Every structure is written in C-alpha cells, then in structure tokens.
Amino acid sequence: MGNSNSKDGSALEDFGIEYASAIESTSLVNIKDNYGLFIDGDFVASSSGKSFETLDPSTEKSLSVVTEASPEDVDRAVQAARVSYEKYWKKMSGADRGRYLFRIARHLQERAREFAVLETLDGGKPIKESRDVDLPLAAAHFFYHAGWADKLEYAFPQRELEPHGVVGQIIPWNFPLLMAAWKLAPALACGNTVVLKPAETTPLTALLLAEVIRDVDLPPGVINIVTGAGETGSAIVEHPEVNKLAFTGSTEVGKLIQRSAVKRNLPLTLELGGKAPHVIFEDAALDQAIEGVINGIFFNQGHVCCAGSRLLVQESIADNFIDRLQKRIELLRVGNPLDKNTDIGAINSKAQLERIDQLVKAGIEEGAEVFKPSCSLPDNGYWYPPTVLTGVQQSHRVAREEIFGPVLVVQTFRTPEEALEKANNTPYGLSAGIWTEKGSLIHWMAERLRAGVIWANTFNKFDPASPFGGYKESGFGREGGMHGLGAYLKNTGGSS
Amino acid sequence: MSGKIPIAKTYKLFINGAFPRSESGRTFSVDNPEGELIANVSQASRKDFREAVRAARSAQSPWASRTAYNRGQILYRVAEMLESRKIEFVELLKNIGLNSKAAKSEVEEAIHRWVWYAGWSDKYSQVLGSVNPVSGPYFNFTVPEPTGVVGIIAPAEPSMMGLVSRLAPAIVSGNTVVVVSQGQSSLTSITIGEVLATSDVPEGVVNILTGDQSELLPWMIGHMDVNAVDISGISPETDHTLLEEASLNVKRVVSRKVEEESLELISDFLEMKTIWHPVGR
Amino acid sequence: MPTSNITFGKTGSAIKVIPVDEVSLEARAASLATRSIKTNSKRAALHLSIRCMDLTTLEGADTPEKVASLCQKAKRPDPSNHDVPSVAAVCIYPEMVHYAVKATEGSNVKVASVAGAFPSGLSTIEARIADIADAVKRGADEIDIVLNRSAFLAGDEQRAFEEIVASKDACGEAHLKVILEVGELGSYDKIRQASMLAMTAGADFIKTSTGKISQASSLPRVLCMAEAVRDFAYQTNISVGIKAAGGIRTAKQAWHYLVVIGETLGTEWLNPEMFRIGASGLLNDVLLQLNRLDSGSYSGPDYVTVD
C-alpha cells in the first residue's frame, strides 16, 4: 500500500472484473418469415413479386425476407396516401391527429424492449444504445409532435397553415426506427399523409411500427411503408403526385434527389452527411472531453451523420490527450450487439465495411499513422475495430471524406483562429464540438463554426425539442423543435 | 453657352462598391416604350459574375459580424437615400413606361420596404430563435444565422419593388448578394446600386450585374461558392432543368411571389444553429 | 514534473489540476453502473469487496466489547464459511485502538484509526498532530484524517497542504488516508483540486467522506477522485489509493465501485492496497449475496450475524 506500485504478492492483484455476456433475450421478438408492403392499412404483396433478404450483420444470418416495392407499388402507396389525405386526414382536427400520435408514442414505450432487440438484430447496433437512445427518443418524438398537432398556429402566427398533402420520406439504416419517428411525427402532426421507405438493410423495425400503426387504428393510408432499395426510392422521388420530399442519407443521393425536386419546385428537406470537427482546447475538462470524443465517434459504430470524426486538439496537449484517448479506447468492448456490456457493435453491411476499410487504407497510404486497440473481433459478421488515425493533414482524403465508421482522424491546432479555420474547411456543416472551460471562447467558436448543431462540452445529444440539421452540403431544413414543423406546412420557409 | 446638352448616365456594373464596365467590353441597349434609346448598359460576363461572388464572399463575414442594430441603421439609411432621390426614380420608372401615379407609388412602397426590413434587423432572431426545453441537464438554444452568399435573379417587373423586395430581406440578416438584372429593370437596379454605394452599405455586400439572365443563370446555379439562390425573378421561359446544378453544392433554392413582404423571406436565407451546453457546477 | 499551473507546497512541486464537467462525469458514472458482472465473477467480486472493506464503527457509544465484536466479524465475516476472506481493516476512534490491536492480533486485519479532530478537523494543528501521534503510538496501522476544509474553502490551500504534510510526518510508518469530505466541497472541480492537493502533500489514500454528513460517497464523486488519481499517476508516476466511504450498503453498490475503479484506473487498483470501501452495514449484504450464490435461493437477515 502507499506511494509505490509495490504489491505484497498476496495474490489479490490477479483479480480482474469479467463482465457477463449479458445477452438480451430475443424471445420478445417474433420475426416473420416474410413481410409484405404496408399500404392502405394492410400488408400486401408486390406487383412484381420481387423480394430481398435482410441480415443480422453481426452473424450474417438471414433474418427475414422483405418485399421489394416496384414503381407500381409505390404508385399504389401514393394513391392510398392521397385518398386517405382527402378522406380522413385533411378533415380531422389537429387535436384528433395529436391523439393518434400520442397513441403511437405510448405503444412504442410499451413495446420498447421488443423494438430495441429487433433494431439491434437487424442493424448491428449495441442493445445498450437501441434500448437507451433509439427507443426512448423515438417515443419522445411522437409524444412531442403529438402536442403540436392542435397548436400549429402558435408556431406560425399570422400564416395560413396548410399541409402539403402526400409526403414522400426516405430514411437511412443508422437509426432506422428513430429516423422513421423524426420523419413521421412532424409530417402527421402538420396534417400530411406519408409514403415512407426504410433502408433496405434495416427494414424490420419500420415494419413492426406498421403493426403499431394498425393497433392504434390510424386511418388506413395515412402512413404507408414501402420497402426496397434505390429503385423504390427513385419511384417515390419521381412520383408526380408526391407533394413534398424529405430525405436523410448520403450527400451523394441527396444531391440526386435535389436535382429531381428543384426543377419541379418541389418542397424538399435534406439531412445529409457530415465530417464534424471536434475541437479540444488545452483548458478543457480533459477526462470528460475524452468521453465526449469516444461518444462522438464510436456511438453507433460511427454510423452517425453528425459523428465527431475530425478531432482537432490544441498542440500543447496533443500527445498527452492522444495517449489518454488510446488508453481509453483499449477499454471499449467490441462484440455481440445483444450483449448489454457491448460498446461497439457490428458494421451495418458488407458494403459499408468495405468502404471503411478502403478509406482507412487510403489514409495509411497518404501517411497517416494508425492506432487500433488489441481487441479481438468475432469471426462471422461485419466488424471494424475502433481506429484512430494520427499525423493526418487537412488535404488527406480521410480528413475530408465522410467515413461513416468507427474511425477518428486527429489533427492539431495552435490558436482558436487556426482551429476555426480547419474546422470550417469542409463542404459539410452538420455538427461540431467544442471543449473548453472558457465561456467566452465557447461563444466565440459557436458563433463562427459553420454547422447546424454545436455541442459545447458535450457531444451527440439529441432531443425532439432541439432542431437538428445542416449547413452547406449537409443539407437544409431542420428536424425537431418548432423549426422542424415548417418543413411540413406550405409557405412557412424552406427550399427545394 | 454650355449646359444645353444633357449629360446621359453611363450604366455600369456594381461590384465590390465600384462601378466597373464589364470585363468583356459588351453592352446592351435599353429603350423606352417608344423605342428610343435610353442607355447602353454594361453586359456582364461569367467572369464579372465570378468577381462579384468573390467580392460578396469576402464581404459576408464582416457584414454578418456587424451588430444587428448597425445593419438596421444602414438599411434605414438606404431608405433615407432613396427618399432624397425619389424624383430621379420616379422619372426613371416613367421613362420605362409607368404612369406618374404608378411610378410614385412604386417608389414610395420601395422606400417603405427598406424601412420595414430595417426594423426587422434586431428582431427576427428573437422571433425565429428559441430556447429549447430538452429533457436533460443542458441549456439548448437555436439562433438564426445568415446562409452566406446569395444569388438573386431580379424580377423584370415591377423593376424597383421587385428587386428591393428580394434584396432587403436577404441582406438584413448578414447575407451578401450578387444580383443579376436584365432588360429595362437593369436601369433601376444599377440606380439602386448607386443609392447603396452612398448609404454606408459596405462594399461587396450587394453586387449588381446587368446582362442576359439566360447567360448568367447557369453560372450562378453552378457556382460552388454561392450558398443560395433566389429565383423568384426567373423568366417564365427559362428551362428549369438548369436548376439541377444547384445540387452540386446543395444550394438553397428559393422561389416566392416577387413582391411578397414577410418574415419568411428573411428566414429563407437563414440557417438555424442549435447549441447545447451542459448545466452543472 | 510536467506542466504546471497550480503549485502546492514550499518545495514548489507543480501539479496541473484539470477542470471537471459535472454533467458528463455523472453520465459516465451512470453508464458504468449499467455494466453487469459475469455470474462466475460474482463470487470473486464479492470476496474482493470484503477484502477491500474497512469495517467501521465510529460512534460516541463505542465500547471495548463493541470493538471486539467488530474485530471478530472482521477476521471471520462468516463463521460458517471459511472461504470468506477477512476484511482489510477495522476503522475506529483512537480511544479504541488499543482494544482493536489486541482483538486483531495474529490476523491480517489492519487497525485504522481516525485522528486529527475527526470529523471536523477544527482544532489546533498541534492538537491534531498530537492526536495522530497518539493513535500511531497505540498501534494503529493506518490513520484517517480529514482535509482542513475550512482552510481549503477559504482559499488557504497552502495551509491545508502543509497540515497534511505535517500529518504525514506524524504518521511515521503508518499509512495516511486523507478524507476530503466531498459532500462539503460543493463541486467536482473542488473535489478534483482537493484530491490533487492531498496526493501532492503525500497522502497514501484519498478518501471520500467521514460518514458523518448525509452527503457522502457517490459513484460520480469516486469517479472524479479516480480520474484525479489517474492523472496524478500520469503526472508523477506515483499511485495513490482510493477509499469510498459513507452510504455504501449493498453488494450491488460495491460492484459499481469496483467497476468504476477498474475501468478508470485498471485492475492494478482492485486490491486492498489501493482500494478500500469504508462501511458498517455493507458486509452483511455481501454475505447475504454470497449465501444466495451458494444455496441458489435468496437468504434472509437472520442468517448473517448482527454486530
């Protein structure tokens, strides 16, 4: 005992905590062998008869077979949404629309564990996150927007409020249910009906949500869910009777959607990619900053558009900080996403794994030094260890391109001006992080960072009351808060 | 005796606070309704457009950094300067075909529009911003910020109210603009430029190019350093597939009624920034 | 020593004190509390928490018999099961040291005495030093003193520092634990500063609380101290121990502390040389949990000894 590392050799020191393989039970979840399209309140077959498999990315085992919606199916869905808009939804009072949203929120809360397990199975994210983040937030989004449905005139006083009609929504695979909630809740609160397309690798929670939609007796056709990949998505985008589009996904696809929408003057909101700077000043609360950086880049395997993927550390503390960071990364637990102790789950798909791998290799070729912890990865499934690239210059591909994986790129700076210049030197502008104990510096940075969400002394926090969305090539329009409603009402702001 | 031959004004471009001719050396003629030549006007090229964007970009951050109060004062100063040159504008509008009453009322309305937006400068943030009650120990607030450099297609008519209605809401929040104006409205546009040049509007905040909309529009839509475009004034015959290139840098594309006056016009060229900070000891 | 911005002590030993963000710290502590321990590690964890325990009685009504009974429990927590290890130490008032030394003779159980005008620390430094020296003379292996919060909070860190240096001198061979009384410090920043101050002044252990006020040990407070210990080791290569005390009553709470220490400082700290839990009621809950592991059914309070 005392001021030395000496041990008395009493064999006490060989104790190490072994965490349980605390595997969440999958018995709550009943995955069907196959799923139809959810159109006009019923699960229906595709006109084309095409289908595809959805996998558990942590095992590569098939979970179910899902219907691929053809353009004719999309048309059916749009027609159902149109009829439902005219017949029920347009005529319904805001208060009643709100009641449906409240019901959906409650059902999600009641069945939260089931949804969380299914989300983790289909997408590979740790159960700890689907249980503690995705599900509570998804329910909260419905709850929050439910209350807006009969109060829209307070959000936009002196405006004539009119919904767009039929809204087409396309969502990504990183937060499948949560993104569905972000899209559906404000659209419905504002009085639109919806055709929603979940991502092809993660359709199952949206299809389970369809069950909830039926259970709460939402009028048929108010929400239609069509599964499929790019072709299904373009059928929605190109459909002449869709009155508004909302997309969350890659900047590449977002640009294609804008090309199509802009010439038709079609209202559009885009929530696209990012390459967020995470700036650590020398006076920061470093132990918490380390946690912030870890959460910023390794949350959901880095499959987060607002991930803090570019670490900018003040040079005076850089070696020290990176040393501490690497020690912390050694403690991360990568593995079975259903294990409650898992910090980092599976990469969502083989294609994504290949992209991450390719970009990291490009970084190493360009001269970056790579750090990976000594953790072992499972044999089956798609895995990538938490990775840190140091010695990265602003011109390197890994410093500019979105990797969308658990890969952190480290650069240094000397002054606030330099930090700001490097932080803003990107076509993206979704989010940014600042760590300093100096209040005036926080505001100085926050004012100048060109990004839609600034996390100061925290990172990756979300809330239905908090508007979220990007500057520049990270998209336009906001989701959440009062500002998110504007996208779903005519003439209340927004672009095409 | 001198003084008998009137001195006609040379209408040049307005870039970075100066009035250069087009680098291309081109001009186009503007006639009155009777077909008589009023003026030869500089016809801007894509290179002039590029220079104007450069000027707008370097002016943007300083303009946005001015206090809201100061921007409001400057917009009000524009109204004052317009008021003092009211007769000139009335004559100009009459020259391009408006009757006296219509010309007077358009100038009056245009002056008032500057006053209206001047008053918004230190209020829109309060109306559009918010403090957000997130469920956690965080202070969370949303503030509007200017989008950046905005390209504006000036409406052909009403030539004065059209431009003023597009311009004032874009610059009041700290955006800088490059305007493309064509035909008869070029004369009003450049004359408004002269007013801006003498109204404490910093150089580069407003740049006005006269020329051929169909020639310059593709350069505006495709320019990677233009953050947003206002196409409310676009000619009806324009091929809308041109607009596809806005996606190159995910430009905000805005289209409104040309004479609309509303807070939403200010918010069209705003980005909402949300800031989180923990609340703790 | 590396970078400096806060200096304690006459010798000018410069230690950098890093600020702490409360919200993020508490979130981290909460997330560590969701870790679950493998069933076959549970027995080891329970045994470890016993081995790291300072079984404590600090009542005005303590008597020689009470202390003797405590010592018996410390040596043999479960008379019916010899696999259950003894605790690290008994923690008592100086007046009781003599009895405790006698009662623990021949065992591994150390005798820890509070001293130095515990729990306020507000008597003259001379009196406090004499108190410490007396407890050591009576045979205490470990001395638990309090930080002079009065001086520390009034801005006289130098005095608080020098008193610890003097106390350490008075300890001689005995080990010094410095109680920060974290519940009185008002913020994690102050806990961090006090931790760094005490370690720089020569504390062998930093300890959360006296147990005499309601605001005692908590997971985030211990996390905060563990981060300070980690940082101190980083800056000086000196490893200082941590003692969590006050309000720790259940086996589950004890596991959470083990997780926080293990994940923040590494398994080198998961032994009684580097980590202690000061408690009076915890031991019986740990024993109940051990019974449950052995028998497979839930135990009851009649099946462990009262003290």
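This note goes through a predicted model, chain by chain and then contact by contact.

1. Conventions. Residues are numbered from 1 along each chain as its sequence is written, and chains are lettered from A, with ligands numbered from 1, in the order in which they are written. The model is predicted, so local features need pLDDT of at least 70 and side-chain atom pairs count only at pLDDT 80 or more, while totals for chains, interfaces and linings use all residues.

2. Confidence in chain A. The pLDDT (the predictor's confidence in each residue, from 0 to 100) averages 94 in chain A, and 95% of the residues score at least 70. Residues 1–16 of chain A stay under 50, and the model has 23 contacts for them beyond four places in sequence. Two residues are in contact if their C-beta atoms, placed from the backbone, lie within 7 Å.

3. Chain C overall. Chain C has eleven helices and ten strands; helices (H or I, at least four residues) and strands (E, at least two) are DSSP runs, numbered from the N terminus. Its radius of gyration is 19 Å, close to the 19 Å that the globule rule gives for 307 residues, so chain C is as compact as a globular protein of that length. The radius is taken over C-alpha atoms, and the rule is 2.2 Å times the number of residues to the power 0.38. Along the principal axes, the C-alpha atoms of chain C fill a box of roughly 55 × 45 × 30 Å. Of the contacts in chain C with a separation of 6 or more, 72% are between residues 24 or more positions apart.

4. Burial in chain C. Buried residues are 57% of the 307 in chain C. A residue is buried if 20 or more other C-beta atoms, placed from the backbone, lie within 10 Å of its own, exposed if 12 or fewer, and partly exposed in between. One example is C:Ile191, in helix H8 (residues 188–200) of chain C, which counts as buried because it has 26 C-beta neighbours inside 10 Å. Beyond four places in sequence, the contacts of C:Ile191 include C:Leu180, C:Val182, C:Arg221 and C:Met225.

5. The sheet of chain B. Five strands of chain B form an open, parallel sheet in the order E7-E6-E5-E8-E9. The edge strands, each pairing on one side only, are E7 (206–210) and E9 (252–254) of chain B. Strands pair if DSSP finds at least two bridges between them; E5 (residues 149–153) and E8 (residues 228–230) of chain B are joined by three. There, B:Ile152 stands opposite B:Asp230. Helix H7 (residues 185–197) of chain B packs on the sheet against E6 and E7, at about 155° to E7(B). Axes are lines fitted to C-alpha atoms, for helices over the stretch in contact, and angles run from 0 to 180 degrees between N-to-C directions.

6. Chains A and B. This contact takes 32 residues from chain B and 39 residues from chain A. On the chain B side, E10(B) gives the largest share, eight residues. By class, that side has twelve nonpolar, 14 polar and six charged residues. Ala, Val, Leu, Ile, Met, Phe, Trp, Tyr, Cys and Pro count as nonpolar, Asp, Glu, Lys and Arg as charged, and the others, Gly among them, as polar. Strand E17 (residues 453–456) of chain A pairs with E10(B) in the parallel sense over three bridges, with A:Ile454 and B:Ile275 as bridge partners.

7. Chains B and C. Here the contact takes five residues from chain B and six residues from chain C. The chain B side has three nonpolar, one polar and one charged residue.
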